Amino acid sequence: MNLLYMFPFILLSCLLIFSCNNNSDDIDMYDYRLHWEVESNYIEQNRFRSQLKLVNESGEVLDDNWTLYFNFMRMVDVESLPPNLRLTHINGSFYKLEPGDEFEPLHAGEEVQFSFDAFGSAIKKSDAPDGAYSEFAGGRIVPVKMVIEPFEREEQVNRSSYDAVPFPTPDVVYEQNMQLSKLGEDEIGKIVPSPVLFEKAEGIFTITNETSIYYGQGLEREASFLSNALAQHLDTHPQIIEGDGTERENHIRLEVDEIEVDGSVKRFGDEAYHMNISVDGIKITGSDAAGVFYGIQSLRSLFPLEVWQSNVNSIAVDAAIIEDAPGFTYRGLHLDVSRNFQTVETVKRLLDVMAFYKLNKFHFHLTDDEGWRLEIDAFPELTEVGGRRGHTRDERDHLIPSFGSGPEPDKPKGSGWYTQDEYIEILRYANERHIEVIPEIDVPGHARAALIAMQSRYERFIEEGNIEEAERYRIHDPEDDSEYMSVQRWKDNVINVCQESTYRFLGIVFDEVIEMHRAGGVPLTSIHIGGDEVPQGVWVDSPQCRVLLEETPDLDSIDQLQVWFFGRMEEMLAERGIVMSGWEEITLVGYYGGEKELNPDFAGRSIPYVWSNIWGAGTESYSYELANAGYQIVMAHASNFYFDLAYNKHPEEAGLYWAGFVDTRDPFAFMPFNLYKSGIKTAMGEPIEEDAYDDFEQLTEAGKNNILGLQGQLWGETFRTHNRVEYMALPRIIPLAERAWVPNQSWMEIAARAERLEALEIYWNEFANRLGQRELPRLDGMNGGYGYRIPPPGAVIENNELRANVAYPGLDIRYTIDGSEPTDESPRYTDTVTVDENTVVNLRTFDTRGRGSRVVTVE
């Protein structure tokens, strides 16, 4: 689930398309410029006003024969345009702008400028039109240069006049960072997530090329993983030998046995481990193979940082005794590859960092309105049509552009899919790292890519005269005249649940997915069916649904069809030995029409992922209500775990913000068992009273046992490259892993808010130091380096003294006073710097590779 129907200020990235019928054959790449500027977010009735300016530099005249197509993820008030222009909503985020009756020809060098209103707000560059192109006579396509005007005024950077979230100016960031202080190396934890017990011992064990790895029965895969991991540093693979190696020195031993952690016996399935590092060797004992694997990851965490920067001859590891086990069995990350496709390599890099931080569930969002990304042999159209986006008038061969994918149907960010062999490759790669892949086939809504693809198949067979085959797997009803609009404003994104052909189609898809897992040697246990955001009005005028209602005694109205569909899905999957999971909507009755009620029918059989926890929205109790009712749940709360949301309000920080902003601290500050105490401010920055949730349903002891764990979400609307994926994922994945492994800490039990927050600051300061001094420098050397977000420094000049700080103590701050942009060779800020009157100081934060943050300027 990725957008909230109740919040109108929904943000997605935008695409703009310019099309005109022009006979010129000599128009170059930038003969047209399109400027976009936000005028104000303070328009009444929760609207904002922005401006588009089209500049004609072609040397030709634009008269009344041009059309401007664009994607804009806001509901535009078409009546707000001037009379010389006419705007039509086509579908989804796709609009058509045409000259009106009063339009005057646009000569060379002239421009046309107009303002329009839309619902919600726009405060970021990522809100701007993107992927602009023009189509000329004969179908020739030419891109249009996009210019985004600056965000400078309060009404441009605030979501509304009552937006209380501060803008991250250097002085505001400096004040926020004042709660942090740099700690000594011995004052910070060396392993993330934090182990239950870590005792430092005397001495050092040195891993060399001569070190052997002995492993017990069933642990060859873990031993090979460790050998490969060590080879990345030592340039040679340590030998792996089956056996206990008790007679040998200078070795590492891996074994499985029953162990005890914090007074509790851990057995198979508990993912627990002991690790004993002494001068004589290393012994890792897991309650199961997963526990051994996590012990290996903790061992890697203890390697000196320089080991990660370059190859070495030996690795010195301080002696220690560690006992550890996870607090939650479900520690997940979700990746949406439908909105923007990501390569196999990008997915593997994400799996590597997940495994390092002991996340064990990969929720793979493979299908949605904007793309179907998994090859299904029975239905090649799903990928050949539904997996491609580009310029089209009928979508017979591919979908319309979205999210700046542009006119070319084979351009990577909008088009692409995984072959079955590639999917199996991902499955095996994840399985080797003890990560379970949970594929999502999103139905009945968010299914437009499948609908368009299967309609193309339907029309092909109709043209061939094969009506029987055309209708065998039909998922749309050609005679359905229902009118509806999804949150993303699609008018045709819901499959018809009232015809058996739909279930034949889904059965084939499920069976092929199950077979891929079997072929990969990775059994499938759960399929996520989505189930979210089905709009009101679907199926109302479907003849198929009218017949179903008449023939099915248990169905009284259209409103019951969604729950009935989920029942069919649950039965179909159960017959295949698969557990149905879905977003929270699979547990609710009347979700899209009227009051919502909990549906007890699937409790104990299906797993809801609860997303709509938005502080101040009134939905904060869903997790506890479902857990108390007997549902095993995954807490996937937008307020703390939607990593596609922007880090803060700055226009340069791309991302969504309909549920607020999610910084790296937010996953860390989440309290799974004291949820309401996590709510300090609303999504709009207003303070939440300490007793605001006293009347909300509280978590029972039985409900506590039904919380499977936590999951971070990476929705893909703004993820154009793998660097963008990593920027949004990291470092937020790291505190997610901490909280999923360690769901309860002593500071969470403090009743008084002021004292609790004071204790939280101490814990967060230590964790922020881990990030700055250990975790991020390590990521600089892992897999060639990760593109995590580097936070810009905070800074002030007071009494001619420059003071600066950073969100993760330990990262370098560099500055200049000559107006130039700081580089990794500029002066390093270490303490207060005296500057002259009227000096302008530029500052950036840097990682160990020389990558810098956004520049901040103070005067």
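Reader: Is Asp-127 buried or exposed?

Author: Asp-127 is buried, since its relative accessible area is 0%, where buried means under 20% relative accessible area, exposed over 50% and partly exposed in between, with a 1.4 Å probe and protein chains only. The model is a predicted one, in which local features need pLDDT of at least 70 and side-chain atom pairs count only at pLDDT 80 or more, while totals for chains, interfaces and linings use all residues. Residues are numbered from 1 along each chain as its sequence is written, and side-chain values use heavy atoms, with hydrogens and water left out.

Reader: Which side chain does Asp-127 meet in a salt bridge?

Author: Side chains of opposite charge can pair when their charged atoms come close. A salt bridge here is a side-chain nitrogen of Lys or Arg within 4 Å of a carboxyl oxygen of Asp or Glu, and Asp-127 meets Arg-74 in this way at 3.3 Å, N to O. Asp-127 lies in the loop between strand E7 (111-119) and strand E8 (133-135), and Arg-74 in the loop between strand E4 (66-71) and strand E5 (85-91), so the pair ties together parts that are 53 residues apart in sequence; helices (H or I, at least four residues) and strands (E, at least two) are DSSP runs, numbered from the N terminus. Arg-74 also counts as buried, at 2% relative accessibility.

Reader: How many salt bridges are there by this rule?

Author: The count comes to 53. Among them, Glu-717 pairs with Arg-339, with the closest N and O atoms 3.4 Å apart, and both of these residues are buried. In another, Asp-847 and Arg-849 have their closest N and O atoms 3.7 Å apart; Asp-847 is buried at 9% relative accessibility, whereas Arg-849 is partly exposed at 34%.

Reader: Where do Cys-498 and Cys-545 lie?

Author: These cysteines form a disulfide with sulfur atoms 2.1 Å apart, the criterion being a pair of cysteine sulfur atoms within 2.5 Å. Cys-498 lies in the loop between helix H10 (467-472) and helix H11 (500-519) and Cys-545 in helix H12 (residues 543-551), so the link ties together parts that are 47 residues apart in sequence.

Reader: Over which residues does pLDDT stay under 50?

Author: Where pLDDT is low, the predicted coordinates should not be read in detail. The pLDDT, the predictor's confidence in each residue from 0 to 100, stays under 50 over residues 2-29, while the chain averages 92.

Note on methods: Contact means heavy atoms within 4.5 Å.
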